[in-house]
Amino acid sequence: MDLPVIETPIFQRWVWIGEVAFSHIPIATLITAFLVLAPIYEYIGYRTRDLRYDRLAKSMVFFVMILYSPGAALGTGIPMFIIGLWPEFWARWSNLFFWPLMAQFGFFLLDVIFLFFFYHLLWERMQNRKRLHIFFGVLTAIFALAIQAVWDGLGSYMTTPGAVLPQVNEPVGWSAPAFFNPGFLPLFFHRFFGNISYTMLLTGGVFALRQWRQKDPKEKAYFGFAADLTFTVGFLTFFAMPFVGWFFANVMQQHAPVAFYAVMGGHTASHFTLKLGLIALMLLAGGGYLFTRHRTKALRIAMTAGLASLYIVLHLHPPLRWLPGGEFLWRLFYTAALFAAIGGFWYLSRRAGPVGERWKWAVFAAGLAAFFAFTLGGFVRERSRQPYNVYKQQVKVDVLPAEADRFLVYDKCIGCHHKSLNDITRAAVADWERRVEMERQRPGAEISAEEAARIGRYLKEAFP
């Protein structure tokens with residue numbers, strides 16, 4: 001069904017939706033992470049009678065209150081843009097997920113009610129009823145996570161659809177296979193740990209700079225405590241993400257192989273490699289600070305185990321095939337890098353103790369690197385399935401012929417040869433049309449004459 005599509009001024013439509021979405025998502029994820037951690041910190045303060053935890057939890061909730069309005073305003077803008085710029089997609093997608101969207105609306109209302117009227121406003125009045133107040137905080141966190149779960153179900157469907165996207169005139173309202181699609185759980189847990197990790201790393205960096213600027217000794221001590229606690233929580237939480245990410249990659253490899261090839265060696269590989277570089281920066285700056293700052297042997301052992309676990313994930317995960325030198329060089333590189341990092345950190349631990357001002361900036365840089373790595377993760381996932389809004393089910397309205405042909409090359413060529421696009425093009429074929437026609441004659445090759453012409457044209461134009 002052809003629905004009218006509104007043309008955008010100045011920039012392409014993906015720029016407009018990206019601006020709104022990437023402004024909303026950091027706010028929403030920070031709100032969710034803070035609401036999850038605030039009752040935990042409050043409970044620790046209640047059990048230990050340490051008022052610093054209570055102050056930290058209260059300040060996080062207060063910051064959430066500030067962010068809620070702009071977050072909700074930007075969140076409202078997202079469907080408005082989609083309705084006008086991708087009308088058929090919105091009509092079919094919201095048709096499939098109408099009742100989950102209504103449930104999300106209910107979760108949002110409940111989250112606002114418990115956050116505003118029970119958790120935030122009653123903080124001081126319920127000092128003598130801490131257990132009940134913490135319970136209100138837990139309920140607030142549950143509703144926030146429920147909101148995230150709904151959007152992760154809808155978002156993961158676009159890459160790993162578990163059911164057919166209905167037509168505009170086919171009322172569905174709800175589909176369990178579509179909502180609980182193969183990518184739902186890995187995306188939810190990847191974002192859950194990612195939200196906590198990047199927000200705590202960034203919060204720790206901000207607190208570290210605030211400690212550096214404080215003149216009052218008591219305030220300086222508090223912000224030092226808050227910086228150490230939040231940054232350590234964020235750093236340790238990160239080590240759950242590679243395992244969840246490895247599981248997510250396996251799901252994509254099985255259910256959205258073209259998107260997987262795009263990330264591991266295709267047009268999205270450079271962005272994914274940049275994300276890995278930002279993660280490496282976070283690990284180097286953050287690990288150097290924590291090993292230098294803390295004398296606790298248990299913490300050092302936990303961080304060492306986390307770093308060592310990265311080797312397991314990288315060894316199990318398919319290699320980045322677009323890098324020069326092939327698989328061997330990639331595995332040699334990360335093995336040497338991890339061992340060198342662990343050795344360097346333990347060397348720094350020999351001088352553990354108070355740190356200088358330069359480490360405060362290192363902590364802040366680690367937090368910023370974590371934030372941008374988190375942002376790139378969503379960008380990589382969305383870009384990997386181009387030119388589809390929903391993987392292999394609905395093409396976006398402004399698809400370019402080169403994008404459609406590139407997807408076909410990934411689907412028919414890379415999936416068959418199990419190589420990256422660079423591996424194929426290194427053959428330096430003079431006549432791509434003839435080579436594709438030869439490959440088409442192989443037993444099991446399901447390539448039509450029209451598809452062969454498109455594949456040959458794309459390879460000839462992209463790699464002359």
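The following legends describe an overview and several close-up views of a predicted model.

**Figure 1. Overall fold of the protein chain, with 18 helices and two strands.** The C-alpha trace spans about 75 × 55 × 40 Å along its principal axes. The radius of gyration of the protein chain is 25 Å, which agrees with the value near 23 Å that a compact globule of 464 residues would have. Of these 464 residues, 52% count as buried.

Figure 2. Helix H2 comprises residues 51–85, 35 residues in total. From its first C-alpha to its last, H2 reaches 50 Å, close to the 51 Å expected at 1.5 Å a residue.

Figure 3. Helix H7 is formed by residues 184–213 and has 30 residues. The distance from its first C-alpha to its last is 43 Å, close to the expected 44 Å at 1.5 Å a residue.

Figure 4. Leu 109 belongs to helix H4, which covers residues 98–120. The relative accessible area of Leu 109 is 41%, and this residue is therefore classed as partly exposed, a class that lies between the limits of 20% and 50%.

**Figure 5. The cis peptide bond between Gln 386 and Pro 387.** The omega angle of this bond is near 15°. Pro 387 is located in the loop that lies between helix H14 (357–384) and strand S1 (388–390).

**Figure 6. Ile 10, a residue with positive phi.** The phi angle of Ile 10 is about 70°, although the residue is not a glycine. Ile 10 is placed in the segment before helix H1 (13–48). Ile 10 counts as exposed because its relative accessibility is 77%, and exposure requires a value over 50%.

**Figure 7. Arg 49, in the loop between H1 and H2.** Phi of Arg 49 is near 60°, a positive value in a residue other than glycine. With a relative accessibility of 75%, Arg 49 counts as exposed.

Technical notes: Residues numbered from 1 in each chain as written. Predicted model: local features only at pLDDT ≥ 70, side-chain atom pairs only at ≥ 80, totals over all residues. Heavy atoms only, no water. Helix = DSSP H or I, 4+ residues; strand = E, 2+ residues; numbered from the N terminus. Buried < 20%, exposed > 50% of the residue type's maximum accessible area, 1.4 Å probe, protein only. Expected span 1.5 Å × (residues − 1). Rg over C-alpha atoms; globule rule 2.2 N^0.38 Å.
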